[in-house]
Amino acid sequence: MQLSPAERELVKVTGVGKTFQRGGRRTTALSGVDLTVARGEFVCLLGPSGCGKSTLLNILAGILPYEEGTAEVNGHQVKGPSAERGMMFQSPMLFPWLTTRQNVAFGPKAQRRWRRSAPTAATTTAADVDEILTTVGLAGFEDAYPKELSGGMRHRAAFARAIISRPSVLLMDEPFGALDALTRAKMQEFLLDMWERFQITIVFVTHDIEESILLGDRVCVMGGRPAGIVEEIPIELGRPRGYEDLETPEFLGIKRRIRQILMPETPGRGRRQPVGATSAEDRR
Amino acid sequence: MTAIDINVADRHTPAWEAGEETVDLAAQRRRARRARLHRTALKITGVLILLGAWEIGALIINDSSILPSVQNTFSTLVHYLNRPYPAASDPLWKDIVVSGRRILIGFVLAVAGGVLIGSAMWSWRPLRDMIDPVIELTRPLPPLAFIPLLIVWFGIGELPKVVLIIIGVLPIMIVSTVAALDGVPPELDQCARTLGASRLYTLFHVQLRAAVPGIITGMRLSMGGAWTSIVAVEMIAATSGVGFLILQAGNYSITNLVLSGIIAIGIVSLVFDAFLRGLLRLADPSRPVSE
């Protein structure tokens with residue numbers, strides 16, 4: 001696929017810095033971060049707790065204001081939250097008083113793009129909602145409330161809700177962190193499947209090395225103090241990927257390399273020390 | 001990535017769906033309904049046991065001026081429902097309507113005010129810091145302590161009764177509104193914003209909406225207090241209402257009429273609470289049916 005220069009820099013972060021101020025103490029959570037993401041790319045932000053990866057994601061989402069640098073998505077400066085940048089959180093955050101169908105329709109309704117019928121390119125109808133629910137495997141559960149769904153189903157509903165407005169980028173903040181191992185594996189497969197299907201651009205925050213290699217086209221390892229992107233590692237494994245790939249030598253090689261970045265051998269002290277100790281971010 | 005478009009269609013037998021823990025919606029809802037029925041049966045049993053104990057007590061005492069039997073009480077209740085009883089000119093249903101009206105007027109005003117003030121306090125910190133101590137200072141005071149003051153200020157008309165209800169209900173509604181809004185996870189609001197909702201849309205459709213169950217729970221809590229207040233003030237300064245009826249009947253030692261009044265209050269407040277619970281179920285359909 002040929003990308004235009006603008007598409008090659010769909011997400012463009014230049015020199016972004018963020019300082020938190022609490023009780024007169026200033027903590028620099030991020031400093032001089034540069035990141036570009038191309039259209040259709042799957043980028044993972046990997047790092048230990050407090051390395052600023054969620055901070056960066058929240059800045060991109062427009063949830064968190066930033067003082068230094070610029071963050072642009074699709075040529076627009078990020079100034080606040082927008083439907084153009086979809087976001088998924090660690091828990092699905094479905095609205096408990098709405099059915100699955102109503103949850104998915106929330107975005108279009110809030111943006112006044114909801115039409116009962118007579119669809120145009122800019123509007124969404126009930127048929128669109130049902131179609132996407134079928135795609136994510138929730139046919140038959142359109143009228144169920146979130147409490148009635150299983151853990152994986154809730155995440156898939158949240159995915160449908162985030163994707164229905166076709167955002168230019170989907171930001172995911174450790175979305176599967178709270179799931180059990182099996183559901184989590186299924187959700188990773190689901191996400192890869194959907195990513196190929198919808199050709200979405202994804203920025204995915206995780207602290208799980210394997211997850212980042214399995215999913216990403218590129219892994220940005222974060223750490224340091226003040227935190228930033230320490231190294232970008234392109235993942236040149238074939239697609240589609242699956243759990244069988246986890247044991248291949250190539251996979252293990254990348255895994256070892258990333259681990260060495262995150263936990264370098266410190267000579268003379270004989271023990272491993274993680275990069276990027278805690279900052280204020282995760283204590284928020 | 002060019003080859004993907006072609007591959008996806010036949011590859012798409014979603015592996016991520018295989019072996020998914022099955023969720024049978026119909027069965028789940030059937031189970032919930034059965035559990036609800038079961039619980040209703042138990043509730044009725046509880047009430048029957050209470051009535052049985054009362055009947056046995058009445059049989060043992062065998063003096064209807066101290067403890068009339070169940071059927072004596074209920075026939076009195078039915079008898080005086082639309083007939084004026086001795087020492088008063090109004091039938092029972094009128095007293096119930098009078099008391100119910102006083103409560104509803106005060107309650108609706110207090111709930112509206114409480115939600116409004118609570119939301120304002122939640123969205124504007126300085127206001128919260130200012131009003132919080134006022135509530136903390138006045139909340140422990142029993143509303144009944146204000147009755148003499150209210151009589152001095154407003155006489156013995158309808159106004160002091162309504163004001164008394166407001167005094168009791170308003171602080172509870174403010175506190176529960178603020179607490180309910182505090183309890184809405186910030187991610188829910190962020191989520192709505194990233195779905196394209198404006199700040200105002202989010203306030204009404206997400207934050208206040210998410211707080212509704214907590215607000216209704218506050219309404220249920222304060223409803224009990226409202227009945228206490230109204231009966232007390234009707235006993236002290238009124239010529240109508242169920243409280244007045246009970247006091248009058250007590251003065252004339254008509255025990256079965258006293259009990260009829262009490263039961264009437266019980267039934268009416270049960271109806272009010274059932275209404276609020278219905279609202280709660282509407283507001284929060286995914287709530288487990290435990291309450």
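Visitor: Is B:Gly196 buried or exposed, and why?

Guide: A residue is buried if 20 or more other C-beta atoms lie within 10 Å of its own. B:Gly196 has 23 C-beta neighbours inside 10 Å, so it counts as buried. Keep in mind that this is a predicted model.

Visitor: Where is B:Gly196 placed in chain B?

Guide: B:Gly196 sits in the loop between α8 (186-194) and α9 (199-236) of chain B.

Visitor: Leaving aside its neighbours within four places in sequence, what is B:Gly196 in contact with?

Guide: With those set aside, the contacts of B:Gly196 are A:Ser82, A:Ala83, A:Gly107, A:Ala110, A:Gln111 and A:Ser165.

Visitor: Now the two chains. How many residues of chain A are in contact with chain B?

Guide: There are 39 from chain A, in contact with 30 residues of chain B. On the chain A side, the elements giving two or more residues are β6 (85-88), α3 (100-110), α5 (151-163) and α6 (181-198). The largest share, seven residues, belongs to α6(A). By class, that side of chain A has 21 nonpolar, nine polar and nine charged residues.

Visitor: And helix pairs? At what angle do α10 and α11 of chain B cross?

Guide: The axes of α10 (residues 242-251) and α11 (residues 255-283) of chain B come within 8 Å and cross at roughly 160°. Angles over 145 degrees count as roughly antiparallel, so α10(B) is roughly antiparallel to α11(B). Their crossing is left-handed.

Visitor: Which residues make that contact?

Guide: Among them are B:Val242, B:Leu245 and B:Ile246 of α10(B), and B:Leu257, B:Val258 and B:Gly261 of α11(B). By class, this contact has nine nonpolar, two polar and no charged residues.

Technical notes
Residues are numbered from 1 along each chain as its sequence is written. Chains are lettered from A and ligands numbered from 1 in the order in which they are written. This is a predicted model: local features need pLDDT of at least 70, side-chain atom pairs count only at pLDDT 80 or more; totals for chains, interfaces and linings use all residues. Axes are lines fitted to C-alpha atoms, for helices over the stretch in contact, and angles run from 0 to 180 degrees between N-to-C directions. Helices (H or I, at least four residues) and strands (E, at least two) are DSSP runs, numbered from the N terminus. Angles under 35 degrees count as roughly parallel, over 145 as roughly antiparallel, 65 to 115 as roughly perpendicular and the rest as oblique. A crossing is left-handed if the near helix is turned anticlockwise from the far one by less than a right angle, and right-handed if clockwise. Two residues are in contact if their C-beta atoms, placed from the backbone, lie within 7 Å. Ala, Val, Leu, Ile, Met, Phe, Trp, Tyr, Cys and Pro count as nonpolar, Asp, Glu, Lys and Arg as charged, and the others, Gly among them, as polar. A residue is buried if 20 or more other C-beta atoms lie within 10 Å of its own, exposed if 12 or fewer, and partly exposed in between; C-beta atoms are placed from the backbone.
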